[in-house]
Amino acid sequence: MSISSGFLQRAHRFILRHDMICSGETVVIGFSGGVDSLALLIALHELRHHFDCKLHVAHLDHQLRQESAFDAQLVKQHASRLKLPFTIKKVDIPALLKQRKQSKEAVAREVRYKFFESVCSQTGATKVALGHHRDDQAETVLINLLRGAAITGLRGILPVRDGKFIRPLLHFSRLEIDEFVAKQGLRPCEDSTNWNRSFLRNRIRLELIPLLKRDYNHNIQNTLAQNAELVREESDYLEEETCKAFNACLAGSPTHDVVALDRLKFLRQHRAMRRRILRLAVEQIQGDAKDLAFNHSESMLQLCEVESPNRRLNLPNNLEFLRAYNQLIIQRPSSKIDNFEYTVAASGTNHFPALNTVMTSTIVEVSNGRDFQIPSGRFQALFDADEIQMPLKIRNRQSGDRIQPFGMAGTKKVKDLLIDAKVPQLTRQGIPILVAGNEVLWVVGYRTSEKYKVKDKTRRILRLNYSPKS
């Protein structure tokens with residue numbers, strides 16, 4: 001066969017257009033033995049020299065059908081005929097279904113992709129080619145539409161996913177694939193489950209699409225596939241813009257457990273962009289936002305817009321959304337700080353594992369306390385060492401804690417001090433408090449005590465520096 005074949009020319013152009021295969025790569029072909037994967041195998045085998053790539057055939061026997069063992073033999077014959085290396089593996093999906101509370105399709109898909117990853121690891125392959133075509137695309141768009149998917153779901157099947165999984169036949173109809181394989185005189189496997197109407201995809205293919213073709217649009221598959229391509233390109237652009245907007249709204253560096261956004265910057269974004277930013281924040285923590293439904297996004301947006309300064313909302317997969325003054329926080333509950341208490345040595349470095357911070361303490365002999373510049377009291381502090389009752393401790397805020405803030409005559413509840421500083425209610429318990437007995441010397445990061453300040457008569461100064469653990 002020559003690349004002059006119209007089918008191969010189109011496949012060649014489609015692969016180039018989406019930059020699917022690079023020179024020197026090994027490509028694993030997910031080969032079920034059906035007509036789609038057989039067309040994929042033939043096309044890539046014919047085009048392999050044009051892309052300077054190596055091929056490896058991979059077949060997973062799910063043991064879901066009586067004829068699956070026969071299918072595996074046909075797969076072996078096709079790979080051997082083309083002199084291609086192959087890997088065939090059996091997995092007892094029926095047994096797995098008894099252990100898991102998942103659908104047959106979900107379990108089979110998970111096992112299949114794990115199998116592809118293992119074959120890639122064994123062969124050094126960097127791409128996995130799959131046989132999805134334009135009719136599959138139309139079915140996927142309809143499935144996602146019926147399930148209420150967002151714009152990302154209406155993109156349908158991507159030509160390239162995660163830079164690894166490629167679909168060289170996505171531009172072809174099932175009829176074109178059937179005709180291509182028929183011309184080769186080859187016999188594909190027949191999957192009897194394709195006629196099982198208990199599966200949603202089969203009902204859409206066998207019932208809904210024929211109805212739409214007959215009564216509404218005789219070219220419905222092509223229309224849906226074209227719309228998916230348009231949505232995909234526009235979605236790609238919006239994803240780039242979302243990343244820019246997300247970074248502009250960040251309040252501090254995100255972690256695997258917490259993402260914090262500046263509410264005022266967030267509210268300057270278009271409402272459609274806000275929704276995408278929230279989804280991206282969820283993805284930053286758990287890798288995807290597939291379980292984040294429309295009502296979850298709407299509830300978060302409402303909490304962002306109302307005047308109430310402190311609110312909490314539970315999200316899927318044990319995440320929570322917090323509105324804390326002008327911060328919007330998405331986090332895992334496990335990221336919250338538990339109660340802590342540590343003794344602070346008068347001299348040396350003190351480690352606080354619960355906070356991942358350290359405090360260095362030094363006592364300095366002086367003849368005149370005024371020789372020292374008084375720090376802001378946020379993360380550096382000076383105290384009259386002779387006025388302090390040792391030992392010192394760092395702990396959480398407790399009910400009834402009061403402090404005489406530096407420069408003030410009276411005392412104030414630590415709780416009120418933090419409220420005035422607009423510290424989010426749900427993070428106040430993690431603010432470290434330096435105490436001597438029941439006396440609060442320092443609300444770290446905010447205010448020190450007037451009562452224990454350095455004075456003219458001070459002869460020994462306790463100098464403290466609080467910082468993240470390096």
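Biologist: Which residue takes a positive phi just after α2?

Modeller: That is D52, with a phi of about 50°. Please keep in mind throughout that this is a predicted model.

Biologist: How do you know that the length of helix α2 agrees with what a helix should span?

Modeller: Helix α2 covers residues 35-51, and at 1.5 Å a residue its 17 residues should span 24 Å. Its end C-alpha atoms are 23 Å apart, which agrees. There is a bend on the way, of about 35° at H45.

Biologist: What makes α2 largely enclosed?

Modeller: A residue counts as buried under 20% relative accessible area. In α2, 13 of the 17 residues are buried, so the rest of the structure largely encloses this helix.

Biologist: Which residues touch the most other members of the largest nonpolar core?

Modeller: That core has 36 residues, and I21, L41 and L44 touch the most other members. Two or more residues each come from α1, β1 (26-30), α2, β2 (54-61), α3 (68-81) and α7. The largest share, 10 residues, is given by α2. As background, nonpolar side chains tend to be buried together in soluble globular proteins.

Biologist: What is L41 in contact with, leaving aside its neighbours within four places in sequence?

Modeller: The contacts of L41 are I29, F31, V57, H78, L82 and L84. Apart from this core lies another, of 26 residues, with V282, A289, C304 and F321 among them.

Biologist: Now to the rings. How many aromatic pairs are there?

Modeller: The count comes to 10 aromatic pairs.

Biologist: Why is the pair of F7 and F172 called stacked?

Modeller: Planes under 30 degrees apart count as stacked, provided the ring centres lie within 6.5 Å. For F7 and F172 the centres are 4.1 Å apart and the planes are at 25°, so this pair is stacked. It links distant parts of the chain: F7 belongs to helix α1 (residues 6-17), while F172 is in the loop between β6 (165-166) and α7 (174-184), 165 residues apart. Both F7 and F172 are buried.

Biologist: And what makes Y113 and F165 an edge-to-face pair?

Modeller: Here the angle decides: the planes of Y113 and F165 are 70° apart, with 5.0 Å centre to centre, and over 60 degrees counts as edge-to-face. Y113 lies in helix α5 (residues 104-123) and F165 in strand β6, so the pair ties together parts that are 52 residues apart in sequence. Y113 and F165 are both buried.

Biologist: Which residues do ring pairs link into a cluster?

Modeller: The cluster is made of F340, Y342, F352, F379 and Y466.

Biologist: Why is Q99 called exposed?

Modeller: Exposed means over 50% relative accessible area. Q99 has 63% relative accessibility, so it counts as exposed. Q99 is in helix α4 (residues 93-99). From Q99 to Y113 it is 14 residues in sequence and 19 Å in space, C-alpha to C-alpha.

Biologist: Finally, the whole chain. How does its radius of gyration compare with that of a compact globule?

Modeller: For 470 residues a compact globule would have a value near 23 Å, but the chain has 32 Å. Its C-alpha trace spans about 100 × 50 × 45 Å along the principal axes. The secondary structure comes to 13 helices and 21 strands, and buried residues make up 46% of the chain.

Key. Residues numbered from 1 in each chain as written. Predicted model: local features only at pLDDT ≥ 70, side-chain atom pairs only at ≥ 80, totals over all residues. Heavy atoms only, no water. Helix = DSSP H or I, 4+ residues; strand = E, 2+ residues; numbered from the N terminus. Expected span 1.5 Å × (residues − 1). Bend = angle between axes of the 7 residues up to and from the residue. Buried < 20%, exposed > 50% of the residue type's maximum accessible area, 1.4 Å probe, protein only. Phe/Tyr/Trp six-rings, centres within 6.5 Å; stacked < 30°, edge-to-face > 60°. Core = buried A, V, L, I, M, F, W, Y, C linked by side-chain atoms within 4.5 Å. Contact = heavy atoms within 4.5 Å. Rg over C-alpha atoms; globule rule 2.2 N^0.38 Å.
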